[in-house]
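I opened the notebook to log what I looked up in this model. Entries follow in the order I made them.

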Amino acid sequence: VQCKRRYRLFISQCPPKNKIVYTFSDIISTVEFNCSGELLATGDKGGRVVIFQREQESKNRLLSRGEYNVYSTFQSHEPEFDYLKSLEIEEKINKIRWLPQQNAAHFLLSANDKTIKLWKISERDKRAEGYNLKDEDGRLRDQFRITTLRVPVLMPMDLMVEASPRRIFANAHTYHINSISVNSDYETYLSADDLRINLWHLEITDRSFNIVDIKPANMEELTEVITAAECHPHQCNVFVYSSSKGTIRLCDMRAAALCDRHSKFFEEPEDPSSRSFFSEIISSISDVKFSHSGRYMMTRDYLSVKVWDLNMENRPVETYQVHEYLRSKLCSLYENDCIFDKFECCWNGSDSAIMTGSYNNFFRMFDRNTRRDITLEASRENSKPRAMLKPRKVCTGGKRKKDEISVDSLDFNKKILHTAWHPKENVIAVAATNNLYIFQDKIN
């Protein structure tokens with residue numbers, strides 16, 4: 001894997017040497033490639049969306065293919081206040097999802113805790129000149145002095161990328177939105193919070209259909225919450241959602257309007273001998289993703305990634321340990337709240353490899369065919385442009401080798417929660433706090 005470019009987002013001043021300066025609003029909270037991989041969107045805790053565009057290949061710059069440059073930046077959400085509940089609504093972008101491109105413009109959905117917005121990103125490189133009723137500076141002309149009729153003409157201008165909100169979907173979630181997913185019919189999408197899942201039509205903003213509701217009549221009887229949800233990539237009537245109990249439910253919207261009864265229930269039996277005080281916490285699923293083929297789905301819990309066959313509900317077909325060496329550190333991770341971190345996972349374009357993040361700015365990649373895995377680090381020190389990344393190893397005990405790092409030396413403030421894989425090529429994007437790293441296979 002070769003580092004192509006590292007983007008440092010929204011740093012307002014030059015940091016002192018060996019010291020990273022950033023604010024809370026600079027922290028990247030989501031990363032997403034569009035369907036072609038030519039655009040890459042990031043959202044941060046300041047409510048901003050930054051879109052990067054891939055450089056076009058040219059004869060003079062063959063190696064530039066794969067580099068992404070800033071294409072557009074806009075403020076998606078602003079902080080709000082719910083006066084009825086005396087609740088502050090953060091501007092943080094929780095999720096971004098691209099819609100398939102239908103024309104020259106691009107569309108994406110962005111969500112904070114309460115509101116989802118549909119944005120149109122379009123280009124403009126021409127402007128109209130020669131109006132009859134207005135001067136060139138925009139002032140209205142005296143109608144009595146207009147003696148000739150002019151036909152406005154389009155004149156070239158510098159390229160301008162505009163982001164405009166086309167739809168605002170609000171007031172449908174009582175709890176914080178944790179997932180949005182575009183359906184395969186490209187007309188509807190679902191949004192999920194802790195207790196409910198809603199189905200929206202992209203053209204209708206004033207109402208949605210509640211398809212899952214797990215809120216009990218008495219909130220004291222609440223035993224689990226929804227942690228993630230996603231639509232099937234090919235069957236528009238099928239979706240899954242995961243829970244804090246480590247279970248996954250697959251639902252079919254053809255069965256009933258309210259999918260309170262699941263079609264399939266995926267759960268791995270727990271080994272009684274390994275049960276501890278932290279078992280319920282670390283079994284909570286933080287992310288669920290269908291494979292591109294639709295045959296499998298992948299779930300991420302605190303210590304592992306599991307791949308499930310949709311035809312087998314009793315256990316996963318593959319289990320990959322992400323950072324098993326942290327099992328002995330769960331007590332300290334509980335005290336500093338890191339045990340509640342929500343790591344995401346992603347597939348490569350052919351479903352042959354998966355990727356997820358870890359601590360110390362490490363991220364893990366697993367090859368499903370060879371069962372090989374690798375640990376890489378996204379850091380400013382070893383990620384110079386076109387530098388080769390060296391595999392990293394964590395020493396779990398005994399004598400530490402030269403290139404290994406001790407478990408006690410891991411920095412739990414440096415964590416990679418959000419990753420994305422190009423849908424067609426081996427190009428990956430990794431968000432580490434306020435830095436975005438883009439890597440790709442070595443260019444021969």
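**Entry 1**

Does D206 count as buried or exposed? I looked it up: D206 counts as exposed, because its relative accessibility is 63%, above the 50% cut-off. I kept in mind that this is a predicted model. Next I checked the partner. The side chains of D206 and R207 meet in a salt bridge, at 3.6 Å from N to O.

**Entry 2: K329 and D408**

I moved on to another charged pair. K329 and D408 form a salt bridge, and their closest N and O atoms are 2.4 Å apart. K329 lies in the loop between strand 23 (318–321) and helix 2, and D408 lies in the loop between strand 29 (404–406) and strand 30, so the pair ties together parts that are 79 residues apart in sequence. I then compared the two with the cut-offs. K329 is partly exposed, at a relative accessible area of 24%. D408 counts as exposed, at 59% relative accessibility.

**Entry 3: the salt-bridge total and E344**

How many salt bridges does the structure hold? I read off 23 salt bridges. One of them joins E344 and K95, with the closest N and O atoms 3.0 Å apart. E344 sits in the loop between helix 2 and strand 24, whereas K95 is in strand 8 (residues 95–98), so this pair ties together parts that are 249 residues apart in sequence. I checked burial too: both E344 and K95 are buried.

**Entry 4: H418**

The side chains of E344 and H418 make a polar contact at 3.1 Å. I placed H418 in strand 30 (residues 418–421). Why does H418 count as buried? Its relative accessibility is 11%, and buried means under 20%. I also listed the contacts of H418, leaving aside neighbours within four places in sequence. Among them are I28, S29, T30 and V31, then E344, then A429, V430 and A431.

**Entry 5: R48**

I looked at R48 next, in strand 4 (residues 48–54). R48 is buried, with a relative accessible area of 19%. Which residues are linked with R48 in a network of salt bridges? I found D26 and D44 there. R48 also reaches a backbone atom: a polar atom of its side chain lies 3.0 Å from the backbone oxygen of S25.

**Entry 6: nonpolar cores**

I turned to the nonpolar residues. The largest nonpolar core has 19 residues, and Y302, L326, L333 and L410 have the most contacts inside it. Y302 touches I282, S284, H323, L330, L333, C338, I339, D341, F343 and Y359. A second, separate core has 15 residues, including L376, L389, W421 and V430.

**Entry 7: a nonpolar patch on the surface**

Last, I went to the surface. Which residues form a nonpolar patch there? I noted F277, Y334 and F340, with about 330 Å² of accessible area together. I followed up on F340. F340 is in the loop between helix 2 (330–335) and strand 24 (345–347). F340 is partly exposed, with a relative accessible area of 41%.

Terms used:
Residues numbered from 1 in each chain as written. Predicted model: local features only at pLDDT ≥ 70, side-chain atom pairs only at ≥ 80, totals over all residues. Heavy atoms only, no water. Patch = residues over 30% accessible without salt bridge, like charges linked within 9 Å, V, L, I, M, F, W, Y side chains within 5 Å. Areas by Shrake-Rupley, 256 points an atom, 1.4 Å probe, with all protein chains shown as cover. Salt bridge = Lys/Arg side-chain N within 4 Å of Asp/Glu carboxyl O. Helix = DSSP H or I, 4+ residues; strand = E, 2+ residues; numbered from the N terminus. Buried < 20%, exposed > 50% of the residue type's maximum accessible area, 1.4 Å probe, protein only. Polar contact = N/O pair within 3.5 Å; in protein donor to acceptor, adjacent residues only side chain to side chain. Contact = heavy atoms within 4.5 Å. Core = buried A, V, L, I, M, F, W, Y, C linked by side-chain atoms within 4.5 Å.
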